Each structure stands twice: as structure tokens, then as C-alpha cells.
Amino acid sequence: MFHIFIFLIVPLLAASFSFIIDAALKWLASNASPTSKKALLNKLLDNNHRLEDRHEVALVFSKLVEQDGAGSWPPKANHDTSLWPASLRPYSEIYHEMSPLLPSLKPSLDGEANIKRIKNFRGLMREKLAKRVKIAQVQDILTGFEESSFKNAQSQATLAQDTYNAFYCCIAMLRHAYRWAIIPAVTVAQLETVIDIPAELVTPWAFLQCRFGLRSEGSNITTNFLHNFTSKGDYVFKINVGMPDHIQRAEELFARMFHEIEGLALPIYFEMVQAITSFDRGDKASTLRHVENVNVQLREGLCVFYEQMHDGRVPKAVWMSYVQGFQAWGVGRIDDASGEFTKDGGLSGSHLLLFQAVDAFLGMGRYLSAADFTRFVPKRQRDLCDALRRHTPRNVLKLSGSLYEKAGGETRDLDARIASAFKQIADRMRVFRAAHRTRVMPYLKQPAPERVLMTAGKSVLEETTLEEALRPLDMLLVERLNQTM
Ligand code: HEM
């Protein structure tokens, strides 16, 4: 009798549990309310805790969501400054006081006047920071947070992770505001090689970057986009305050697109983890189902790009000057010990976790160089990508030689069906890459007389014609498209 229970009932229960999780994930990918999403996320994490004992990939995934994400994904950021420690609040106040001084509707082409305006803006920000920020107290709070995380004692933490995330965003946005001082960014600022950033923005940045395992002076998609929304979905630290609606709208919609894609990516990560863990325990039917689910849910995530990345929502006429310019960085630092000069880039779509995770799951090499990976992709996001790449069933299938096995157009066994499901994901990514290339290149070709040519995430280019200058970037995109198979 007991054996009947073991052999019939237990598998039935397991199958229905897995069915419930599948159904729940599909529902999560649709428009669930934030409260129900939260409840479901808890369930997913509970389930994941059980997996944690068994598999590295489940462990790094739950670490990412619980630690960096404050129990959620995209990461939670608490922008209610009444709940921030008092000594951190001046930073947010100063951003909101300074940001209306950043943009102008008619960019000036007068270099001398621009130098003066930049000097005034930076001088005022420096003065406000020096007067209102008590740097020793800020340091104490950040040290306390670091120590409590080290001991894994959240109860003793000086601030919660979601506050920490919002503060990270605030410091990142203040640094970019200080860096550019005028929006649209102007040539004289672009041509700077080193800038002297106020100590009040240097000290916390070192703590924040260390916590996220990053090495860049400029910020990244996580800080400026993922952390720049409240849990109600409000966009917080803005660039183009006081500018006409279409400019403000373009700025917000662009940032929101990245946040929304990562929201739809959560069930995809979960499916990838499930695919790997079921493959490793030899359950190929379940692996197949999870790989197929990745493909279905990826379509929803990519639809955000297809439906939103166009002139009607983000006009080409304003993107480079008012949306992207602020997100660049393009100045460097001289290493005290070696005297070596290094220069950091700014934000690029290539930093977004979803694309890196899917590539890793497909068993592809990284798009970002090793240096850029540690400059712009937080440590626990990197760990997830590395683990996915190491454990993807696709590597094993390739080795076993069953890839794309076909007999008269029909796949023969589960291995071949899993391999074919992977191939469908690769095909979907190829379609995205082709569409991305077609959609985005015209944005880079827009004239912006106030500036020298700069590109998404890369530095100033000195080539003579626009076409020539953009060719290397286009080649990067084509190369990645060709690698996707
Ligand atoms: C006007 C908007 C955009 C422009 C002009 C643009 C431009 C570029 C350029 C020039 C590159 C190659 C250089 C680099 O790595 O930074 C790139 C890479 C990339 N971008 Fe965009 N991009 C835009 C929007 C987006 C959006 C909205 C997404 C996704 C939501 C995205 C995702 C990516 C990814 C994943 C890569 C890495 C290459 C690859 O995986 O194929 N981009 N982008």
C-alpha cells in the first residue's frame, strides 16, 4: 500500500506542484497586481530555498533576489526619504534642488558661456553638499550596513537594503548631474578628461560600489534605471525637470522600459533555474517544459522593446541630447599607485541582466569584455550569469552530440527536443538583435550640434563622418547577431 503511495501519489503530487508553479509563473508574467506579485514571489523564493540545498544556480539566484533585490525583482528601492536615516536625506534634497538647473531648451554653442555655467552649477552643488552633508555620519551608517551584511545580521543593519538601493540611485544620479552640469551635454564637458568630484559623492560611492562588487566611476543600468522607481512605479530622480512634456515623457519611458523588461524577466530566471536543476536530476521531460517556458516568456519580455522603442514614445529628435547624454560618463581617473589613466563609459542596454542571462543559458560567450562586466554588472548579477553558463543543459547536449537531431523533420528523443527548444530561444534572440540594430542606429544618426559624437555606453569618437564613426558600433551588433545560434 505504502509503495503504491510512493510510486503513484508522490509523482502525481510532484507533477501537480510543478503544474501549479508553471501556472503561477505564467500568471506572474501577465499583469498581476503588485500585492499578488509579492505573494507569488515569496512562494517562488520558498520553493527556491528548497532547491538551494542542491544547486549552485538556485543559490546564486535567490541570493540576487534576496540581497540585491531586497526580496524582489526588479530590485526594490525605498525612496520615501522620511524612512531614510536623517544624515542621508540631504543628498536627495540636493538632487531635487539642483536638477531643475540642469536642462535648457536651447543648448548653447558658446564654449566660454558653457564653461561658466558648468562652473557655477558644480560650485553650487559643492557648496550645498559641504554645508549639509555630515560625511562622518554617512560613513558610520554605510560602515554599519556593511558590517551587518558581513555578519548576515539584518536586524542590526543601520538601513534596509531597499533604502540602500534608493540611496545608491541618488548618489549615482548626483554624480552624473555633477559630471555634466548642463543638459544637453555640451562639447566642453565632453572634452574633459578628469574631474574633481566632491568628497561627499566620492566616499559613499566607494562603499556602494564595493557592496555591489563594481569598479566604475560612472553608474550603470541597475543604479540609474532599475533603482529609480518606487514600488508603486513612480519615477524619482529626473533629468529634464521643467522641459516640455515630450522630453520628460521620452526620458521616463526610456528608463521605464528597462525596469519593465526586468520585471518580466523574473519568471524567465526562475524557469532557467528549474530547467537546470531538473536536467541535473535527470528529469528531461521537466527540463523540456522549462526550456519551452523560457522561450514563451522571453517573447513577452522582448515585446516591451518592440512595442516601446520607437519614435512615437522616445523621439529620435530628443533621445541623444536629453535622454542618453546624461547617462554617459566619459571621464577618467589616475590611479594613485600606478599613475595609470583609465576612463569609464556610461549606461548601455548591454548591461541589462536579461540579455546576459539568456546568452549564458544558451551557452554563448559574454558580450561584455571582462573589464566592462566588472565595471557595470553588479557582482550577484554576474554570479547568476556565470552559473547559468556553467550549468546550462545545452553544453551537455552539445557534448552528447544530440543537438538538432532530426529524422525526416521529426525530432527523435527528449534530448533533441530540448536542443530544439534552445534553438528556438536563440532564434528569438536573433530576431531581437536584428530589430535592435534596425531600430537604434537611426537614433545615433540624429544631429546634435552642441556636442561631439558620443555613443551608448562608449566614449567620444573622433572619426570624421558620422557614418564612419558609427561603423564600429554597427559591427559590434552584427557580430553579436552572428554569434547567436
Ligand atoms: C535609442 C536607443 C538605443 C540605442 C541608440 C542603442 C545602441 C546600442 C549600441 C550602439 C550598442 C553596442 C555598443 C554597446 O555595447 O553599448 C548596443 C548594445 C546593446 N543594446 Fe542597445 N541601444 C538602445 C536601446 C536599447 C534598449 C531599449 C535595449 C533593451 C531593452 C538595448 C539592449 C542592448 C543590448 C542587449 C546590447 C548588447 C548587444 C547585444 O546583446 O546584441 N538597447 N545598443
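Good morning. I begin with A181, which sits in the loop between α7 and α8; helices here are DSSP runs of H or I with at least four residues, numbered from the N terminus. The structure is a predicted model, in which local features need pLDDT of at least 70, side-chain atom pairs count only at pLDDT 80 or more, and totals for chains, interfaces and linings use all residues. Residues are numbered from 1 along each chain as its sequence is written.

For context, most residues other than glycine have a negative phi, and most peptide bonds are trans. A181 counts as buried because it has 26 C-beta neighbours inside 10 Å. The term buried requires 20 or more other C-beta atoms within 10 Å of the residue's own, while 12 or fewer make a residue exposed and anything in between makes it partly exposed; the C-beta atoms are placed from the backbone.

The loop between α7 (161-180) and α8 (187-190) also holds P184. The peptide bond leading from I183 to P184 is cis, with omega near -5°.

I turn to the loop between α3 and α4, where A70 lies. A70 is not a glycine, yet its phi is positive, about 55°. With 20 C-beta neighbours inside 10 Å, A70 is therefore classed as buried. P74 is found in the loop between α3 (56-68) and α4 (89-98), and the bond from W73 to P74 is cis, with omega near 5°.

Next, the nonpolar core. Such a core is a set of buried Ala, Val, Leu, Ile, Met, Phe, Trp, Tyr and Cys residues joined through C-beta atoms within 7 Å. Which residues touch the most other members of the largest one? They are I171, M272 and A357, out of 108 residues. Helix α11 (residues 245-280) gives the most to this core, namely 18 residues. Domain 1 (14-73 + 252-483) and domain 2 (81-251) each supply at least three residues to this core; the domain bounds come from an automatic or database assignment.

Leaving aside neighbours within four places in sequence, M272 is in contact with V294, A357, F361 and L388, where contact means C-beta atoms, placed from the backbone, within 7 Å.

Finally, helix α19 has a kink of about 30° centred on P472. The bend at a residue is the angle between axes fitted to the seven residues ending there and the seven starting there. Thank you.

Conventions:
Helices (H or I, at least four residues) and strands (E, at least two) are DSSP runs, numbered from the N terminus. Two residues are in contact if their C-beta atoms, placed from the backbone, lie within 7 Å.
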